[in-house]
Amino acid sequence: MSDAANHPTPRQTQSYLRNLFHSNRLHPKNRLGQNFLIDLNLIDFIVNAAELTRADLVLEIGSGTGGLTTRLAEHAGAVLSVEIDPSFFALATEAVRGFSNVRLLQGDVLKNKNQLNPDVLTALEATREQYRPQRVKLIANLPYAVATPVISNLLIAGIAVERMIVMVQWEIAQKLIAKPGTKDYGALAILMQSLADVEVLRKLPPSVFWPRPKVDSAIVKIVPNAQKRSLIPDVQRFRIFLRDLYAHRRKNLRGALVGMTSEGKAQSERKAFVDAMLGKLGYTGTERAETLSIEKHGALCEAMGSLADQLDL
Ligand code: SAM
């Protein structure tokens with residue numbers, strides 16, 4: 001457990017950060033989403049929303065200066081925090097010096113857009129072995145460039161995460177919670193809401209960060225839902241199906257599905273296959289995918305797969 005009482009955590013205010021960066025000759029990098037949380041009430045809000053206990057292991061992506069990391073460590077059993085930037089890794093290492101329940105990892109959280117870095121998964125497993133937590137929670141002020149892949153890869157990988165409390169751009173939050181028929185409804189909303197319950201807890205103005213980003217942000221709560229997941233037999237296949245289905249938003253359902261079927265077959269055969277499937281599901285084919293409910297996308301993906309098998313497409 002932590003012996004943090006001997007090391008009071010510095011308050012991450014704007015003037016604290018300015019001084020820290022000045023004395024370390026550091027300049028926040030926009031491309032790494034280095035916008036630090038300076039609203040101390042919000043840090044409390046996040047810690048409360050996380051409902052942390054000593055039985056929790058927190059995964060944090062983007063340690064930054066360690067300001068949120070130390071607050072999480074005060075409440076959780078253990079924290080594993082990942083930071084890509086060596087200079088900030090060094091600052092965070094200094095900040096968590098008094099905490100024996102924090103493990104920092106320097107590296108990129110992602111291997112690529114569709115995969116988490118295996119080193120992160122190995123470290124998560126090792127930390128889990130060491131602390132034997134009852135729950136794992138992702139709590140993070142996510143760097144904007146990797147927010148969506150971090151959330152979706154964690155969810156798809158089926159890593160047992162009890163909840164995610166994450167700060168993301170407002171625009172991304174809208175895409176996560178979008179409902180059918182709206183402009184933000186697409187592959188991301190459908191994938192997320194097929195696997196989890198998603199809720200925006202709070203809208204955040206740029207002024208809660210330093211340096212200020214150009215856009216609003218949101219605190220989002222994502223709770224993986226096992227019952228929903230059980231309705232999607234092959235999550236990877238569903239992800240690819242959604243990606244392809246929404247690659248051409250303007251097409252109607254028939255056009256989009258024909259475009260997705262095996263290119264090795266004649267056009268007429270592909271159309272016949274899609275028409276057979278749409279008929280079976282009761283669609284005319286003139287509908288647009290973005291008007292269909294979340295559940296109907298799951299059924300469509302399964303029907304595409306099983307008919308393709310039957311017809312050897
Ligand atoms: N947790 C701190 C806070 O709330 O003030 C910092 C959050 S800041 C929005 C995001 C942090 O993520 C930065 O320190 C940045 O260097 C780091 N970061 C950016 N891309 C990353 C990546 N691919 N993997 C790991 N860390 C990354």
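**Briefing: aromatic rings and the ligand site**

Lys203 lies over the face of Trp170, at a distance of 4.5 Å from the ring centre. The model described here is predicted. Four aromatic pairs occur in the structure, and a ligand is surrounded by 21 residues. The points below treat the charged residues over rings, the aromatic pairs and the ligand in turn.

**Charges over rings**

- Trp170 has Lys203 over its face.

**Aromatic pairs**

- A pair of aromatic rings is described by two values, the distance of the centres and the angle of the planes.
- The structure holds four such pairs, one of which is formed by Phe21 and Trp210, a tilted pair with 5.7 Å from centre to centre and 35° between the planes.
- This pair links distant parts of the chain: Phe21 belongs to helix H1 (residues 14–23) and Trp210 to strand S10 (residues 209–210), 189 residues apart.
- Phe21 has a relative accessible area of 3% and is therefore buried, because buried means under 20% relative accessible area.
- Trp210, at 14% relative accessibility, also counts as buried.
- Phe36 and Phe88 form a stacked pair, with 5.2 Å between the centres and 25° between the planes.
- This second pair also joins distant parts of the chain, as Phe36 lies in strand S1 (residues 36–37) and Phe88 in helix H4 (residues 86–95), 52 residues apart.
- Both Phe36 and Phe88 are buried.
- Phe21, Phe36, Phe88 and Trp210 are linked by ring pairs into a cluster.

**The ligand and its surroundings**

- Of the 21 residues that surround the ligand, the closest are Gly33, Gln34, Gly62, Glu83 and Asp108.
- The shell around the ligand comprises eight nonpolar, nine polar and four charged residues.
- Gln12 places a polar side-chain atom 2.9 Å from an oxygen atom of the ligand.
- Gln34 has a polar side-chain atom that lies 2.9 Å from an oxygen atom of the ligand.
- Gly62 contributes through its backbone, where an N or O atom lies 2.8 Å from a nitrogen atom of the ligand.
- The ligand taken alone exposes 590 Å², and the protein buries 98% of that area.
- Strands S1 and S3 (78–83) are the elements that give two or more residues to the shell around the ligand.

Key
Residues are numbered from 1 along each chain as its sequence is written. This is a predicted model: local features need pLDDT of at least 70, side-chain atom pairs count only at pLDDT 80 or more; totals for chains, interfaces and linings use all residues. Side-chain values use heavy atoms; hydrogens and water are left out. Rings of Phe, Tyr and Trp (its six-membered ring) pair if their centres lie within 6.5 Å; planes under 30 degrees apart count as stacked, over 60 as edge-to-face and the rest as tilted. Helices (H or I, at least four residues) and strands (E, at least two) are DSSP runs, numbered from the N terminus. Buried means under 20% relative accessible area, exposed over 50%, partly exposed in between (1.4 Å probe, protein chains only). A charge sits over a ring if NZ of Lys or CZ of Arg is within 6 Å of the ring centre and within 35 degrees of the ring normal. A residue is near a molecule or strand if one of its heavy atoms lies within 4 Å of it. A polar contact is a pair of N or O atoms within 3.5 Å; within protein, one must be able to donate a hydrogen and the other to accept it, and residues adjacent in sequence count only if both atoms are side-chain atoms. Accessible areas come from the Shrake-Rupley method with a 1.4 Å probe; for residues, only the protein chains shown count as cover. Ala, Val, Leu, Ile, Met, Phe, Trp, Tyr, Cys and Pro count as nonpolar, Asp, Glu, Lys and Arg as charged, and the others, Gly among them, as polar.
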